[in-house]
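Here is a short report on one protein chain. Please keep the structure open while reading.

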Amino acid sequence: MCSSFWWTYLGAGFGGVWMMLVGAVAAGLFPKLGLVDAVVSAGDQLFSGFGVVLLLLSVIPLFTIGTLNFYGGGLTLLSSIDSVKRIPLALGTRIATLVVLGVVSTALAFSADDDFLTTFGDFLIVLGYLFTPWTAVNLIDFCVVRRGRYSIREIFNPLGIYGRWNWRGLTAYGVGFVSILPFAVIGDAEGPLAHWAKGTDVTMLVGLAVSSPPHLVLCRSLDIDAERASSRPPTPVSTRTTPGTTDHAGHHA
């Protein structure tokens, strides 16, 4: 298991990182050129004609990164749908999910304008704002409240010990997200306290610091011991008999 993780992680990481380094060096050497022209020019600096070869080699990591992106997107989409309505996770469903993702992503790529990178950057900033309080709530719950002890079976049971909605976590998340907004900067829009940071993005620090205490305080009313006890599977009743006792049929053993 550990070996599979490291081979996958290092392969995917190296496959993406080396091209990022090439792109960074090429952009540094030729800042006035577009990325493609910069990569070709940087390759030609080594020897004539190598720029086209380098550009073709840069396509290979895209297959690795694209595969991981489709895999992650497919899992996310299936999990989101299954959380609302149970669906069969068969091969056909997985293939249909990948087809939908491929069509949508391709349509978005062809419809992108010259400001796509700017817009995409703003989108990533918004995702960072959304995930910051979520990260705080999960870390506090995992490390402090439940100390890593969860029932995987009960997580997927909306009527189980965790319930359909965790009002404690949602409350802490809401408080943390609201605390971020005064410091937020998205494109030309900025919160009333963003100028106080003088260009420094402090939203993550604020979100983590503000989201954590409410979740910790609200979880003090949880009976963790009772929760753990109810999450354990029932102990099977043994039908074996011992000398001097009677079995289920009433026969003396």
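The model is a predicted one. An α-helix has 3.6 residues a turn, so residues three or four places apart point the same way.

The two rings, Tyr173 and Phe177, form a stacked aromatic pair. Their centres are 6.3 Å apart, and the angle between the planes is 0°. The structure holds 4 aromatic pairs. How exposed is Tyr173? Tyr173 is partly exposed, at a relative accessible area of 24%. Phe177 is also partly exposed, with a relative accessible area of 24%.

## Overall fold

The protein chain has 10 helices and 2 strands. Along the sequence the pattern reads α-α-α-α-α-α-α-α-β-β-α-α.

Of the 253 residues in the protein chain, 22% are buried. The chain exposes about 18300 Å². Carbon and sulfur atoms supply 70% of that area. Take the contacts between residues at least 6 apart in sequence: 57% of them join residues at least 24 apart.

## H9 and its partners

Helix H9 covers residues 203-218, 16 residues in all. From first C-alpha to last, H9 reaches 23 Å, close to the 22 Å expected at 1.5 Å a residue. Which residues of H9 are buried? They are Thr203, Val206, Gly207, Ser211, Ser212 and His215. These buried residues pack against helix H6 (116-145) and helix H8 (167-180).

Ala136 lies in helix H6. Its relative accessibility is 2%, under the 20% limit, so Ala136 counts as buried. Leaving aside residues up to four places away in sequence, Ala136 touches Gly207, Leu208, Ser211 and Ser212. Among these, Gly207, Ser211 and Ser212 belong to the buried residues of H9. Val210 is 74 residues away from Ala136 along the chain, yet their C-alpha atoms are separated by 8.7 Å.

## The largest nonpolar core

Which residues make up the largest nonpolar core? There are 8: Met19, Val22, Ala26, Ala38, Val39, Ala42, Phe50 and Leu54. Helix H1 (2-29), helix H2 (35-46) and helix H3 (50-57) each give two or more residues to this core. Met19, one of the core residues, touches Val39, Ser58 and Pro61, not counting residues up to four places away in sequence.

H2 has 12 residues. Its reach is 17 Å from first C-alpha to last, close to the 16 Å expected at 1.5 Å a residue. The buried residues in H2 include Ala38, Val39, Ala42 and Gly43. Why do they lie on the same side of H2? Because they cover an arc of only 130° around the axis. Ala38, Val39 and Ala42 are also among the residues of the core.

Thr97 is found in helix H5, residues 91-111. Is Thr97 buried or exposed? Thr97 is buried, because its relative accessible area of 7% is under the 20% limit. Apart from residues up to four places away in sequence, Thr97 touches Gly74, Leu77 and Leu78.

Technical notes:
Residues numbered from 1 in each chain as written. Predicted model: local features only at pLDDT ≥ 70, side-chain atom pairs only at ≥ 80, totals over all residues. Heavy atoms only, no water. Helix = DSSP H or I, 4+ residues; strand = E, 2+ residues; numbered from the N terminus. Expected span 1.5 Å × (residues − 1). Buried < 20%, exposed > 50% of the residue type's maximum accessible area, 1.4 Å probe, protein only. Contact = heavy atoms within 4.5 Å. Core = buried A, V, L, I, M, F, W, Y, C linked by side-chain atoms within 4.5 Å. Arc of directions from axis to C-beta. Areas by Shrake-Rupley, 256 points an atom, 1.4 Å probe, with all protein chains shown as cover. Phe/Tyr/Trp six-rings, centres within 6.5 Å; stacked < 30°, edge-to-face > 60°.
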